[in-house]
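Please take a moment to look at the protein below before reading on. The paragraphs after it are meant to be read with the structure open beside them.

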Amino acid sequence: MTTTVSFTVDSAHGPRPVSVEYERTGAGEPLVLLHGIGHHHQAWDPVTRILAAEREVIALDLPGFGASPGLPDGVPYTLEAVVPVLGALFEALGLDRPHVAGNSLGGLFALELGRTGLVRSVTALSPAGFWNDPERRYAFMTLRAMRRAALALPEPAIERLSRSAAGRTALTSTIYARPGRRSPEAVVAETLALRGATGFHQTLAAGGSVSFTDDVKGIPVTVAWGTRDRILLRRQGIRAKHVIPEARLVRLPGCGHVPMNDDPALVARVILDTSRGGDGAPLHRPARVAAPQDA
């Protein structure tokens, strides 16, 4: 069951209220989960139960996505503005430097939270920000096409398509390598979340000039990339390793851009290993460290 937390952030127009929807479960050291653009916190459902056996898991809807209202006037959807909002959220929830895992846009936020010292470990799954210009344009074009398709389909058509594996593939194969595994209910919900994402266009506009170029020092960092990522190509992981030399770079065999659904056990183990200090127990099955030839 989701809960709402409200808090105040500074803006160009003075203090402004922000509300965020989140789900909290499990026990142990806190672990915050950040989804990608156009998604919602339910993207993490395939791994939440595994993670909650060892961590207190807080999966949230980023402002302007899922059930969370958009950011207030005077607070842009930039990396520099959103990360302090997340820091204020941590304070409102009583979280002292939680672990964080993020996917895509959420992975970019997670790395910046690590760079600014607000978290104690970072797992970034296909994080944004390590693209070159053609790769960024391709990714944004793909995301806009997904959004247009979600807006064009009436809800009954979405529900009808979601009932078959072929229909779920048509709706979600851009982000999942194994879309047939997604439940019909989940596909309907995430397609509607993409359609209703009030922060979508502003986030894309803000991301046009974003590159992650600073090291993340002093905490465990893992960057993991699905071998079948169709939005952010896996060679970007090699660039991430160059920027963050001490990061563990992990290859997720057979996984797409949102790998939590494609291999929940593997993704959960990568996150838990990172939160244990980066060199914990062996992974559930091999997650090979990427080499340059994998680019």
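This is a predicted model: local features need pLDDT of at least 70, side-chain atom pairs count only at pLDDT 80 or more; totals for chains, interfaces and linings use all residues.

Residues are numbered from 1 along each chain as its sequence is written, and side-chain values use heavy atoms, with hydrogens and water left out.

Begin with the eight strands, which form an open sheet of mixed pairing in the order β1-β2-β4-β3-β5-β6-β7-β8. At its edges are β1 (3-9) and β8 (248-252), each of which pairs on one side only, and from one strand to the next the twist averages 25 degrees. Strands and helices here are DSSP runs numbered from the N terminus (strands: E, at least two residues; helices: H or I, at least four), and two strands pair if DSSP finds at least two bridges between them. As an example, β2 (residues 16-26) and β4 (residues 55-60) pair in the antiparallel sense over five bridges, and Arg24 has Ile58 in β4 as its bridge partner.

Helices lie across this sheet. α2 lies across β1, β2, β3 (29-34) and β4 and runs at about 120 degrees to β1, whereas α3 lies across β3, β5 (99-103), β6 (121-125) and β7 (221-226) and runs at about 150 degrees to β5. These angles, from 0 to 180 degrees, are taken between N-to-C directions of axes fitted to C-alpha atoms, for helices over the stretch in contact, where contact means heavy atoms within 4.5 Å.

On a 1 Å grid over the protein atoms alone, a pocket is an open set of points with protein on both sides within 12 Å along at least five of seven lines, a cavity is a set where a 1.4 Å probe fits but cannot get out, and lining residues have an atom within 4 Å of a point. Grid points are joined across faces, edges and corners, and a volume is the space filled by probe spheres set on the points.

The largest pocket holds about 600 Å³ of space; among its 41 lining residues, Ile37, Gly38, Leu143, Met146 and Phe200 lie nearest its centre. α4 gives the most to this lining of the largest pocket, with six residues. The second largest pocket has a volume of about 170 Å³, and α3 supplies the largest share of its lining, three residues.

The structure also holds two cavities of 30 Å³ or more, and the second largest cavity contains about 60 Å³ of space.
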